[in-house]
Amino acid sequence: MNASLASVEGVRDGVIETLKADPAMSGLRRSLDFYHGDPARDAALDRFYAPLVHAGDLVFDVGAHVGDRLGSFRRLGAMVVAVEPQPLCARALRELYADDDAVTVVEAACGRTAGPVRLHVNSANPTVSTASPGFVRAADGAPGWAGETWDAQIEVPGTTLDALMAAYGVPAFVKIDVEGFEDAVLAGLSRPVPALSFEFTTIARVAAARCLDRLTALGFTRFTVAIGDETTFALPGWRPAAEVAAYLGTLPDEANSGDVYARP
């Protein structure tokens, strides 16, 4: 890390500590602790994304949460549009990147249309807040999801990937992590981009299948998978959609989640 970047990261660390000390941000404290402050994890993310994200690229981070992936994209030199509907998360992102002109925070949910979206909020674990009522139903009683409660609903602005491209340009990479709403996000995309990823969960495999079908229809032909928070691919090379779909179907429920990566 060069001296200039180290200085920026040091300032950002101070902002994170200020956010954690703010009583209004108490719901994000666990996320801020987990996703920030681990240099080894940051370095692993940077190595993982380096083949996909290059200096000067435009990246859309859809479901940016508290910005760990956003941080990696910026360390790699990309300009980032961070899309995040949760007001506390959006506030954290704006404060973390207040002095960074290469980051634009869009406080909205991405979906199939630009209309308002009903967001189901998990106050104790905001990272699994979702716009998908089906995801909430699937989590009820599922292994690994005990104790998760979506205790509030809020209406948030909506946008689409097409609308974001019209406003900011065509991204080199799109990261989508929206807890079971990924298929709705991809329904708002009408053209391929050079690369993207979408999260899948083992409690919502049907949604992942719809995502693969949508991407195939858009012209994506090469796919691979990372499991959980791993920064390595679980499959060798880039595979056809059918092979990735079959692989996702064989995963045990305990695998819980991961990300599918796609290229045209």
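1. **Cysteines.** A disulfide is a pair of cysteine sulfur atoms within 2.5 Å. This predicted model holds zero of them. Cys211 is in no disulfide either. For Cys211 the nearest cysteine sulfur is again that of Cys110, 12 Å away. Cys89 is buried, at a relative accessible area of 0%. Cys211 is buried too, at 1%. (Buried means under 20% relative accessible area, exposed over 50%, partly exposed in between, with a 1.4 Å probe and protein chains only.)

2. **Basis of the values.** This is a predicted model, in which local features need pLDDT of at least 70 and side-chain atom pairs count only at pLDDT 80 or more, while totals for chains, interfaces and linings use all residues. Residues are numbered from 1 along each chain as its sequence is written, and side-chain values use heavy atoms, with hydrogens and water left out.

3. **Overall fold.** The protein has 10 helices and 11 strands. (Both are DSSP runs numbered from the N terminus: helices are H or I with at least four residues, strands are E with at least two.) The radius of gyration is 17 Å, close to the 18 Å that the globule rule gives for 264 residues, so the protein is as compact as a globular protein of that length. (The radius is taken over C-alpha atoms; the rule is 2.2 Å times the number of residues to the power 0.38.) Along the principal axes, the C-alpha trace spans about 45 × 40 × 35 Å.

4. Of the 264 residues, 52% are buried. The accessible surface comes to about 11,300 Å². Carbon and sulfur atoms account for 55% of that surface. (Areas come from the Shrake-Rupley method with a 1.4 Å probe; for residues, only the protein chains shown count as cover.) Take contacts between residues at least 6 apart in sequence: 65% of them join residues at least 24 apart. (Contact means heavy atoms within 4.5 Å.)

5. **Salt bridges, overall.** How many salt bridges does the structure hold? There are 16. (The criterion is a side-chain nitrogen of Lys or Arg within 4 Å of a carboxyl oxygen of Asp or Glu.) Side chains of opposite charge can pair when their charged atoms come close. Salt bridges also link Arg41, Asp68, Arg69 and Asp229 in a network.

6. **Lys20 and Asp33.** These side chains meet in a salt bridge at 2.7 Å, N to O. Lys20 lies in helix α1 (residues 3–21) and Asp33 in helix α2 (residues 29–35), so the pair ties together parts that are 13 residues apart in sequence. Lys20 counts as buried, at 17% relative accessibility. Asp33 counts as partly exposed, at 44%.

7. **Arg74 and Asp100.** The closest N and O atoms of this salt bridge are 2.8 Å apart. Arg74 sits in helix α4 (residues 68–75), while Asp100 is in the loop between α5 (87–96) and β3 (103–106), so the pair ties together parts 26 residues apart in sequence. Arg74 is partly exposed, at 22% relative accessibility. Asp100 is buried, at 13%.

8. **Arg91 and Glu95.** This salt bridge stays inside one helix. The N to O distance is 2.7 Å. What separates the two residues in helix α5? Arg91 and Glu95 are four residues apart, and so about one helical turn lies between them. Arg91 is partly exposed, at 25% relative accessibility. Glu95 is also partly exposed, at 33%.

9. **Asp46.** Asp46 lies in helix α3 (residues 39–49). Is Asp46 buried or exposed? At 16% relative accessibility, Asp46 counts as buried. Leaving aside residues up to four places away in sequence, Asp46 touches Ser72, Arg75 and Leu76.

10. **Glu199.** Glu199 belongs to strand β9 (residues 196–201). Glu199 is buried, with a relative accessible area of 11%. Not counting residues up to four places away in sequence, Glu199 touches residues including Ile176, Asp177, Val178, Glu179 and Glu182. Ser257, Gly258 and Asp259 are also among the residues touched by Glu199. The C-alpha atoms of Glu199 and Ala226 are separated by 9.4 Å, and the two residues are 27 apart along the chain.
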